[in-house]
Amino acid sequence: MAKQNQLTECSGMDWGQFLVLIESLKKTGEYKLLLFVSLGGFCGMRIGDILQLKWEQLINKNEIALHEGKTGKFRKIALNNSLIEIINLVFINLNIQNNKDANQFVFCSRNGKPYTRQHINRRLHKMFYKFKIKVQNPSSHTLRKTFGRRVYEINDRSEASLILLSSIFNHTSTAITRKYIGLSQQIIKDAYLNL
């Protein structure tokens, strides 16, 4: 339970920060973290769905097909060229074997058990600190919110982009989506600053 007056909601990253983070993870050879961050930021996937991915869902694919854990809905997610390059880079550098490792979880310990949410969030928190990425309450949700904010921005900050995101995120209304990606707070802050 959160302490009174403690912020528990996380924020997304600026897209430029996200791209710098991707390059930093490539340079430092933190390949699994690179892939996790990339899937979260480029696809807007929930942590639970990312942790359930197996190599066979990513290798030589141009989309990810999955049943979302939270909603139970079937979803296909197109992979852009940047993400396909990252998947291939990680696949090669981790020496994944097509036949032997294809049915294994992508994000797992040496014994094949999937990482937990807590493990990933601890690693992400350390990563944000290490690379001096300033976000409010960093967690795996930061990546999903980064994706949402980017989709909103490249679609001219339109109501149509909120409808699109509402569908992608399975939100019941655009008002929820607006709040989710931090627009409501930004609009209120701007109202004060523009006086």
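**Pockets and rings**

Guide: The largest pocket holds about 410 Å³ of space. The model is predicted: local features need pLDDT of at least 70, side-chain atom pairs count only at pLDDT 80 or more, and totals for chains, interfaces and linings use all residues. Residues are numbered from 1 along each chain as its sequence is written, and side-chain values use heavy atoms, with hydrogens and water left out.

Visitor: What makes a set of points a pocket?

Guide: On a 1 Å grid over the protein atoms alone, a pocket is an open set with protein on both sides within 12 Å along at least five of seven lines. Lining residues have an atom within 4 Å of a point. Volume is the space filled by probe spheres set on the points.

Visitor: Which residues are closest to the centre of the largest pocket?

Guide: S11, G12, R149, I181 and G182, out of 19 lining residues. Helix 7 gives the most to this lining, five residues. Helices are DSSP runs (H or I, at least four residues), numbered from the N terminus.

Visitor: What about the second largest pocket?

Guide: Its volume is about 210 Å³. It has 13 lining residues, and F42, N80, F147, V151 and I154 lie nearest its centre. Helix 7 supplies the largest share here too, four residues.

Visitor: Why is the pair of F147 and F169 called edge-to-face?

Guide: Rings of Phe, Tyr and Trp (its six-membered ring) pair if their centres lie within 6.5 Å; planes under 30 degrees apart count as stacked, over 60 as edge-to-face and the rest as tilted. The centres of F147 and F169 are 6.0 Å apart and the planes stand at 70°, so the pair is edge-to-face. F147 is in helix 7 and F169 in helix 8, so the pair ties together parts 22 residues apart in sequence.

Visitor: Why do F147 and F169 count as buried?

Guide: Buried means under 20% relative accessible area (exposed is over 50%, partly exposed in between; 1.4 Å probe, protein chains only). F147 has 11% relative accessibility, so F147 is buried. F169 has 0%, so F169 is buried.

Visitor: How do you know that K54 lies over the face of F105?

Guide: A charge sits over a ring if NZ of Lys or CZ of Arg is within 6 Å of the ring centre and within 35 degrees of the ring normal. K54 lies over the face of F105, at 5.0 Å from the ring centre. K145 lies over the face of Y180, at 5.0 Å from that ring centre.

Conventions: 1 Å grid on protein atoms, 1.4 Å probe; cavity = no way out; pocket = protein on both sides within 12 Å on 5 of 7 lines; lining within 4 Å. Helix = DSSP H or I, 4+ residues; strand = E, 2+ residues; numbered from the N terminus.
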